[in-house]
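Let's take a friendly walk through the side chains of a protein and see who meets whom. Please have a look at the model below before reading on.

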Amino acid sequence: MQTPLEPADRPFLEGLLGEPLDHIAHDAPRLRQALDVARQQKRHEADLDWRRNALFLALFVFLYTALGASLTLDLTPQASTHRSLAWALEAVPVLIAFSGLFVSLLYLFSNRSSARRLHSWEQSIRVLEKYSGENLSLQIHGMGSRTTHYSQSAIHIALALFICITWVVMYNFFTFTTSGVIGSVISLFITTMLYVIMDIQLLKSGHSVAIDEPLVPAEPDKAPAAQPDDRRD
């Protein structure tokens with residue numbers, strides 16, 4: 001059975017199959033194979049997402065514990081303590097809070113990237129199922145109450161954003177307690193620049209993977225064919 005392609009799906013299927021198409025058969029083996037690969041890859045991405053989240057959350061628990069320990073321990077310098085060491089002891093909570101801020105930004109960007117990849121695989125599965133005679137994902141997606149149809153990726157991003165905001169607040173608070181208003185203003189500037197620089201660098205690293213056109217080696221210059229000598233002695 002041949003199914004005409006919709007204009008929105010044509011670029012994806014033509015790029016996948018590598019040929020111009022007007023119609024596609026439901027029993028096309030390459031279409032079935034691509035659908036199986038997309039389903040497996042989606043499950044793999046979801047599994048990696050949970051592992052990545054567990055790793056980040058364990059790291060945050062460690063940072064929260066270290067920050068709490070630095071606040072409860074007696075870090076007050078003694079009379080014989082050198083001034084530079086006293087400043088270093090006072091800066092311990094600030095350094096831990098800055099580390100938490102940096103890791104929380106990485107966690108936020110990681111969840112955004114994971115959500116984009118999962119959305120791409122879900123879209124590809126829906127397109128492939130549409131032209132292979134299956135509508136399982138579309139039917140499952142439409143079941144249930146619309147009011148509780150939350151996105152798991154959006155929940156992860158909201159959690160990452162909440163953790164990031166808590167570290168921003170703690171970093172600016174500890175900077176204010178140690179350096180005053182000027183230090184708090186500087187910490188806000190550092191927080192903003194850190195977010196912008198990380199965003200730009202991560203986008204550049206994502207766009208650097210490009211498919212270059214194959215280089216065709218230049219053909220060597222051919223020597224001109226020898227012309228027959230018509231001159232006679």
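At 29% relative accessibility, Glu122 counts as partly exposed, a label for values between buried (under 20% relative accessible area) and exposed (over 50%), found with a 1.4 Å probe on protein chains only. Before going further, please note that this is a predicted model, in which local features need pLDDT of at least 70 and side-chain atom pairs count only at pLDDT 80 or more, while totals for chains, interfaces and linings use all residues. Residues are numbered from 1 along each chain as its sequence is written, and side-chain values use heavy atoms, with hydrogens and water left out.

**Charged partners**

Which side chain does Glu122 meet in a salt bridge? The partner is Lys42, at 3.9 Å from N to O. A salt bridge here is a side-chain nitrogen of Lys or Arg within 4 Å of a carboxyl oxygen of Asp or Glu. Because Lys42 sits in helix α2 and Glu122 in helix α4, this pair ties together parts that are 80 residues apart in sequence. Helices are DSSP runs (H or I, at least four residues), numbered from the N terminus. Lys42 is partly exposed too, with a relative accessible area of 29%.

In the whole structure, a search finds four salt bridges. Three of them are listed here:

| Salt bridge | N to O distance |
|---|---|
| Lys42 and Glu122 | 3.9 Å |
| Arg117 and Glu45 | 3.1 Å |
| Asp49 and Arg52 | 3.6 Å |

Arg117 belongs to helix α4 and Glu45 to helix α2, so their bridge joins parts 72 residues apart in sequence. Arg117 is partly exposed at 23% relative accessibility, whereas Glu45 is buried at 9%. Asp49 and Arg52, by contrast, both lie in helix α2, three residues apart, about one turn of the helix. Asp49 is buried, at 5%, and Arg52 is partly exposed, at 21%.

**Ring partners**

Next come the aromatic rings. Rings of Phe, Tyr and Trp (its six-membered ring) pair if their centres lie within 6.5 Å; planes under 30 degrees apart count as stacked, over 60 as edge-to-face and the rest as tilted. By this rule the count comes to six aromatic pairs. One of them is the tilted pair of Phe56 and Tyr107, 5.1 Å centre to centre with 40° between the planes. Phe56 is buried at 15% relative accessibility, and Tyr107 is buried at 1%.

Tyr64 and Trp167 are stacked, at 4.8 Å centre to centre and 15° between the planes. With Tyr64 in helix α2 and Trp167 in helix α6 (residues 152-207), the pair ties together parts that are 103 residues apart in sequence. Which of these two is buried? Trp167 is, with a relative accessible area of 0%, while Tyr64 is partly exposed at 34%.

**The nonpolar core**

A nonpolar core is a set of buried Ala, Val, Leu, Ile, Met, Phe, Trp, Tyr and Cys residues joined through side-chain atoms within 4.5 Å. The largest one has 22 residues, and those touching the most other members include Phe60, Tyr107 and Trp167. Helices α2, α4 and α6 are the elements that give two or more residues to this core. Apart from it lies another core of 10 residues, among them Leu13 and Val127.
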